[in-house]
Amino acid sequence: MNTLRGITEIKIGGKLRPIKFGTNSTALLCETRGITLNDMGLMFSEERIKNNEITGGEIRDMIYSGLVSAARSKKLEIDFDQYQVGDWIDEMDPNELVKAFEVMGESQPKGSNTTAKKKIRKAS
């Protein structure tokens with residue numbers, strides 16, 4: 001079991017890749033989308049998740065930011081871009097996407113409202 005909060009591996013792009021959510025992924029996501037931390041909190045609010053109001057671009061950019069953050073932390077080559085990550089999401093097992101969202105939620109400090117804290121349903 002990984003003792004670091006906010007890091008795991010997901011099967012995406014035809015292989016297991018590390019994905020990490022924390023300060024660096026948050027910074028990259030905010031820079032990429034031109035938003036603030038408050039905007040990010042609103043983007044991934046419990047209400048928007050519950051109402052399926054998150055856009056494909058938001059999901060893609062979140063996953064991309066987590067993949068880049070993990071690759072840089074582990075000094076791995078970044079052999080993908082945002083467009084490829086979008087294609088990979090189209091092909092990935094939905095449960096792997098759920099896993100990424102759960103890890104993102106777990107990465108937030110206790111009492112943080114930047115992501116939804118309720119469990120996301122497993123895809124059927």
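This is a predicted model: local features need pLDDT of at least 70, side-chain atom pairs count only at pLDDT 80 or more; totals for chains, interfaces and linings use all residues.
Two residues are said to be in contact when heavy atoms of theirs lie within 4.5 Å of one another.

**Nonpolar core**
- The largest nonpolar core comprises 28 residues, and Ile12, Phe44, Ile63, Leu67, Val85 and Ile89 are those with the most contacts inside it.
- At least two residues of this core are supplied by each of strand E1, helix H1 (23–33), helix H2 (37–43), helix H4, helix H5 (82–91) and helix H6 (94–107).
- Helix H4 provides the largest share of this core, namely six residues.

**Strand pair**
- Strand E1 (residues 7–12) pairs with strand E2 (residues 15–20) in the antiparallel sense, over six bridges.
- Within this pair, Ile10 stands opposite Arg17 of E2.
- Two residues separate the strands in the hairpin of E1 and E2, where Gly13 adopts a positive phi near 65°.

**Ser65 in helix H4**
- Ser65 belongs to helix H4, which covers residues 56–73.
- The relative accessible area of Ser65 is 1%, so this residue is buried, the cut-off for that term being under 20%.
- Apart from its neighbours within four places in sequence, Ser65 is in contact with Lys20, Ser25, Leu28 and Leu29.

Definitions and conventions: Residues are numbered from 1 along each chain as its sequence is written. Side-chain values use heavy atoms; hydrogens and water are left out. Helices (H or I, at least four residues) and strands (E, at least two) are DSSP runs, numbered from the N terminus. Buried means under 20% relative accessible area, exposed over 50%, partly exposed in between (1.4 Å probe, protein chains only). Two strands pair if DSSP finds at least two bridges between them. A nonpolar core is a set of buried Ala, Val, Leu, Ile, Met, Phe, Trp, Tyr and Cys residues joined through side-chain atoms within 4.5 Å.
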